[in-house]
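Hi there,

Here is the structure I promised to pass on. Have a look at it first, and then read on for what turned up.

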Amino acid sequence: MIRTRLHELLGERRMKVAGLAQISGVSYPQLHRLYHGQTKRIDLNTLNSLCNALRITPKDLLDFSPDRRDEI
């Protein structure tokens with residue numbers, strides 16, 4: 001599963017979603033969904049805007065953990 005670390009990153013920076021929306025140009029509703037883990041995909045332009053605004057790489061923003069699969 002891939003999830004965003006936006007909640008953690010904004011907390012570390014003591015930044016609000018509204019502030020990130022202002023500096024990144026990404027809409028508040030879209031950031032709100034990302035912040036709360038309510039989105040299933042992210043556009044590459046959005047990813048680029050967030051990385052530029054936060055001065056991070058996609059690796060810093062996204063977290064990957066393999067899906068658990070039960071073997072038969």
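**Helix 2 against helix 4**

Leu20, Ile23 and Ser24 of helix 2 are in contact with Ser49, Leu50, Ala53 and Leu54 of helix 4. By class, this contact has five nonpolar residues, two polar ones and no charged ones. Please keep in mind that the model is predicted.

**Two sides of helix 4**

Helix 4 covers residues 44-54, and its buried residues are Thr46, Leu47, Leu50, Cys51 and Leu54. Looking down the axis of helix 4, you will find these buried residues within an arc of 130°, so they line one face of the helix. As a reminder, an α-helix has 3.6 residues a turn, so residues three or four places apart point the same way. What lies over the buried residues of helix 4 includes helix 1 (6-13), helix 2 (17-24), helix 3 (28-35), helix 5 (58-61) and strand 2 (62-64). On the other side of helix 4, Leu44, Asn45 and Asn52 are exposed.

**The two ends of helix 4**

Both ends deserve a look. At the start of helix 4, Asp43 brings a side-chain oxygen to within 2.9 Å of the backbone nitrogen of Asn45. Just after helix 4 comes Arg55, with a positive phi of about 55°.

Best wishes

Conventions. Residues are numbered from 1 along each chain as its sequence is written. This is a predicted model: local features need pLDDT of at least 70, side-chain atom pairs count only at pLDDT 80 or more; totals for chains, interfaces and linings use all residues. Side-chain values use heavy atoms; hydrogens and water are left out. Buried means under 20% relative accessible area, exposed over 50%, partly exposed in between (1.4 Å probe, protein chains only). Helices (H or I, at least four residues) and strands (E, at least two) are DSSP runs, numbered from the N terminus. The arc is that of the directions from the helix axis to the C-beta atoms. Contact means heavy atoms within 4.5 Å. A polar contact is a pair of N or O atoms within 3.5 Å; within protein, one must be able to donate a hydrogen and the other to accept it, and residues adjacent in sequence count only if both atoms are side-chain atoms. Ala, Val, Leu, Ile, Met, Phe, Trp, Tyr, Cys and Pro count as nonpolar, Asp, Glu, Lys and Arg as charged, and the others, Gly among them, as polar.
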